[in-house]
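Let's take a friendly walk through a protein model, one part at a time. Keep the picture open while you read.

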Amino acid sequence: MSNGDIFVGETIGTAILILFGAGVCAAVTLRYSKARASGWVVIAFGWGFGVLAGAYTAAPLSGGHLNPAVTLGIAVDTGEWGTVWVYVLGQFAGAVIGALLCYLTYFAQFQANARGTGTGTTEGAADEPVPTLGVFSTIPEIRNPVANLVTEIIATVALVLPILAFGLTEGLGESGTLVLIVSLLVVGIGLSLGGPTGYAINPARDLGPRLVHTFLPIPNKGTSDWSYAWIPVAGPLIGGALAGVVYNAAF
């Protein structure tokens, strides 16, 4: 694979991932969405389908990492670092594009969310705007930096270590089912481990859209919470590296 193919594949694949993932968060969160308040299970499957669509699309060009933690884990295991920077650049570029596409898709809902519904407890009053950061990036349910960091490390190991181990199953990649299995793994992580922090498990998935949230002209959008932003970057990178070390030592 050439550097150009890797960059294009990761950009397109990650953009699709974030479009689906941020899109399902917008669908569940924003006012006047037909899927509003449909719940965590919908969000977990939406992100899983995003992995499915993005990774299958990117696979012929780049292998479909879509995640710096996955790229790092593979590099730690194999010792091949030459293309890591190309993967990571493509992933961050794709995350920004995907977040922008989500904003355009739900543009009317973002505007209506800022205005409120006009059906508050006081006659004629508008409900408070729904915070929009959760559409783009993760927010901890309980803000505890150490606990949040540990959660992200554990959840990322639970992602990257199985991905590396799946490669040992003969024919799984050749049959075309490897990406499907990984997408189901992401759904499982969301359902089982996503409660504390919203399971970033991917630095590009969190940081790219957080940048977009910061600069987009979303009315009454609330904070972009940059004091927390290091955790969904550092945690997954540590987890990805640990997964690579464990896999290299054990398998």
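A residue counts as buried when its relative accessible area is under 20%, and as exposed when that value is over 50%. With an area of 11%, D225 is therefore buried. Please remember that the model you are looking at is predicted.

**Two residues with positive phi**

D225 sits in the loop between α9 (203-215) and α10. Its phi is near 55 degrees, a positive value in a residue other than glycine. Why is that worth a second look? Most residues other than glycine have a negative phi. A37 is another case, with a positive phi near 65 degrees. You will find A37 in the loop between α1 (3-29) and α2. Is A37 buried or exposed? Its relative accessibility is 67%, so A37 counts as exposed.

An unreviewed UniProt entry carries the annotation "transmembrane region" for residues 6-30, 37-59, 84-106, 146-166 and 178-201. Two of these spans can be followed in the model. Residues 84-106 are 96% helix and 0% strand, and the C-alpha atoms at the ends of this span are 33 Å apart. Residues 146-166 are 100% helix and 0% strand, with end C-alpha atoms 30 Å apart.

**How α7 packs**

Two packed helices are described by the angle between their axes and the distance between the axes. Helix α7 covers residues 145-166, and here are its packing values with two partners.

| Helix pair | Angle between axes | Axis distance |
|---|---|---|
| α7 and α10 (residues 231-250) | about 40 degrees | 7 Å |
| α7 and α8 (residues 178-193) | roughly 160 degrees | within 11 Å |

What do these angles tell you? An angle over 145 degrees counts as roughly antiparallel, so α7 and α8 are roughly antiparallel to each other. On the α7 side, the residues that make this contact include T151, A155, A158 and L159. On the α8 side they include L178, I181, V182 and L185. The crossing of α7 and α8 is right-handed.

For α7 and α10, packed at about 40 degrees, the angle makes α7 oblique to α10. This crossing is right-handed too. Among the α7 residues that meet α10 are P145, N148, L149 and E152. Among their partners in α10 are I231, A234, G235 and P236.

**Around I74 and H65**

I74 lies in helix α3 (residues 68-78), and with 26% relative accessibility I74 is partly exposed. Which residues does I74 touch, leaving aside its neighbours within four places in sequence? They are H65, G79 and L164. V51 is 23 residues from I74 along the chain, and the C-alpha atoms of the two are separated by 18 Å.

H65 is found in the loop between α2 (40-62) and α3. Its relative accessible area is 16%, so H65 is buried. Leaving aside its neighbours within four places in sequence, H65 is in contact with E10, V70, T71, I74, Y87 and Q91.

**Cysteines**

How many disulfides does the whole structure hold? The search finds zero. C25 is in no disulfide, and its nearest cysteine sulfur, that of C102, is 8.1 Å away. C25 is buried at 6% relative accessibility, and C102 is buried at 0%.

Conventions:
Residues are numbered from 1 along each chain as its sequence is written. This is a predicted model: local features need pLDDT of at least 70, side-chain atom pairs count only at pLDDT 80 or more; totals for chains, interfaces and linings use all residues. Side-chain values use heavy atoms; hydrogens and water are left out. UniProt positions are given in the numbering used here, feature names are shortened, and annotations may be inferred rather than shown by experiment. Helices (H or I, at least four residues) and strands (E, at least two) are DSSP runs, numbered from the N terminus. A disulfide is a pair of cysteine sulfur atoms within 2.5 Å. Buried means under 20% relative accessible area, exposed over 50%, partly exposed in between (1.4 Å probe, protein chains only). Axes are lines fitted to C-alpha atoms, for helices over the stretch in contact, and angles run from 0 to 180 degrees between N-to-C directions. Angles under 35 degrees count as roughly parallel, over 145 as roughly antiparallel, 65 to 115 as roughly perpendicular and the rest as oblique. A crossing is left-handed if the near helix is turned anticlockwise from the far one by less than a right angle, and right-handed if clockwise. Contact means heavy atoms within 4.5 Å.
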